[in-house]
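I opened this structure for the first time and kept short notes on what I looked up. The entries follow in the order I made them.

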Amino acid sequence: MTKSFGAMSIAQLSVLIQNGAADPVEVTEAVLEGIEAHPDQSIFTELLADRALEEAKSSSARLKAGRSRGLLEGIPVAWKDLFDIKGRATTAGSKVLRDAPVAEDDAAVVTALAQAGMVAVGCTNMSEFAFSGLGINPHYGTPHNPRSKDEPRIPGGSSSGAGAAVAAGLVPVAIGTDTGGSVRIPAAFNGIVGYKATRGRYPMGGVFPLAKSLDSLGPLCRTVQDAIWVDAAMRGLTAAPKITPSSLRQTDVIIPDNVVFDGAEAGVVAAFEQGVEWLVAEGASVTRVTIPAFDEILALMGKYGSLVTAEAFALHRERLAGPEADLMDHRVVQRTRLGQTITMPDYIAIVEARERLIAEVNRMVGDSLIAYPSVAHVAPPIAALEANDDLFFATNGKTLRNTMLGNFLDWCGVSIPCGTGDADMPVGLLLSATAGRDEALLAASLSAEAVITGDSV
């Protein structure tokens with residue numbers, strides 16, 4: 001029977017590797033075997049077995065020689081298929097790139113985690129060109145949400161395979177990208193932790209873009225502590241900074257009373273409010289206020305179109321004008337072509353409004369954290385979304401709504417599992433902070449996670 005190393009947290013697995021109870025080669029072989037034996041073969045687009053075993057052997061040799069590179073030595077990691085891996089084509093979830101030139105080098109953050117001793121085991125599936133929050137992919141299949149007990153449900157997107165791989169216990173951590181919610185949405189839907197770092201916190205070389213003014217990265221994993229360790233390695237640090245749980249008695253939390261609860265499922269609201277009650281019981285100060293910028297962002301999108309659509313169209317305009325468009329998911333094509341109607345004056349108006357709104361919200365929020373449900377609903381069934389384009393687009397918009405506000409305002413955020421809603425599916429509590437306050441956010445998230453999951457002491 002395959003050992004379930006992939007179902008452990010990084011912290012749990014690191015202890016076994018560091019004390020010699022588990023060897024990186026043994027761990028890697030078991031993880032690869034588990035992925036190959038898993039009934040859902042749409043979670044990964046490609047396994048990197050040869051590379052993984054080479055890296056595992058090097059890791060094992062370092063450990064035996066007393067030269068461990070740290071807590072992440074020998075830990076398996078999966079990469080969303082947007083990150084360049086040397087020697088393979090980066091597909092971005094699209095079959096039009098399957099025959100693209102292979103990457104000459106690893107993406108910068110792939111190199112960083114390899115230098116930390118981590119083992120790259122495979123590339124995970126995603127929404128085509130990262131342009132959907134649902135995770136449906138007609139080319140490589142749609143990963144099923146491992147938490148579903150009734151019928152196949154979406155994993156969330158665009159980092160669909162990353163979320164499913166961690167939730168299914170195949171790997172302890174997977175790295176995703178987040179332009180409008182693509183780390184936090186799969187984390188919420190799959191009942192795991194997802195950390196979207198402040199945009200620009202990591203080098204973006206070798207990462208296939210969607211909208212460069214919004215694109216950010218982050219890990220999907222089992223605990224906030226795991227995210228802290230991976231974050232440090234992605235920044236090229238040789239050791240993680242000492243981030244300890246902050247006192248909730250010194251934590252001010254703002255809960256918006258506009259937009260983010262509109263149309264929210266009762267089960268989602270109940271799970272979120274229970275989490276808030278636990279935080280308050282531990283001393284957190286909670287204030288419920290209206291954030292006018294939320295309504296203005298929606299109004300801007302209604303008037304001019306969205307920033308992500310404008311930049312995605314600029315990126316793909318030649319592809320959309322040629323024969324490759326016929327090979328793409330028609331829903332991605334349809335949504336991306338909306339950017340054709342966004343003029344340069346429209347784009348400038350959006351960018352200028354964004355700068356103003358970021359400044360206004362920063363003054364309003366200050367050092368407080370912002371909390372609301374990561375997504376207003378639990379993961380819906382796949383079949384109805386595949387069969388009905390109108391339902392697909394409506395659900396996609398609602399799924400992205402809460403998280404994309406943070407991208408527009410340049411926030412960092414952590415989605416923490418806070419219970420279940422309809423069909424016993426996971427709900428995420430999203431804690432966010434203004435740009436650059438990642439350490440404060442992670443410290444508070446450590447405390448919040450302990451309280452919400454019942455691990456506090």
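The model is a predicted one, in which local features need pLDDT of at least 70 and side-chain atom pairs count only at pLDDT 80 or more, while totals for chains, interfaces and linings use all residues. Residues are numbered from 1 along each chain as its sequence is written, and side-chain values use heavy atoms, with hydrogens and water left out.

I placed D81 in the loop between strand 2 (76–80) and helix 4 (108–115); helices (H or I, at least four residues) and strands (E, at least two) are DSSP runs numbered from the N terminus. Leaving out residues up to four places away in sequence, I found D81 touching T45, R88, A89, T90, T91, A92, G93, C123, T124 and M126 (contact means heavy atoms within 4.5 Å). I also noted E46, which is 35 residues from D81 in sequence and 8.8 Å from it in space, C-alpha to C-alpha.

I found D438 in helix 15 (residues 438–453). D438 is buried, because its relative accessible area is 1%. Beyond its neighbours within four places in sequence, D438 has contacts with Y195, A197, T198, R201 and C412.

Two packed helices are described by the angle between their axes and the distance between the axes. For helix 2 (residues 24–37) and helix 3 (residues 49–64) I noted an angle of about 155° and axes 7 Å apart. Axes are lines fitted to C-alpha atoms, for helices over the stretch in contact, and angles run from 0 to 180 degrees between N-to-C directions. The two helices are therefore roughly antiparallel (over 145 degrees; under 35 is roughly parallel, 65 to 115 roughly perpendicular and the rest oblique).

Which residues of helix 2 meet helix 3? I listed P24, V25, T28, E29 and L32 from helix 2, against A49, A52, L53, A56, K57, S59, S60 and L63 from helix 3. The residues of this contact divide into eight nonpolar, three polar and two charged; Ala, Val, Leu, Ile, Met, Phe, Trp, Tyr, Cys and Pro count as nonpolar, Asp, Glu, Lys and Arg as charged, and the others, Gly among them, as polar.

How values were computed
Buried means under 20% relative accessible area, exposed over 50%, partly exposed in between (1.4 Å probe, protein chains only).
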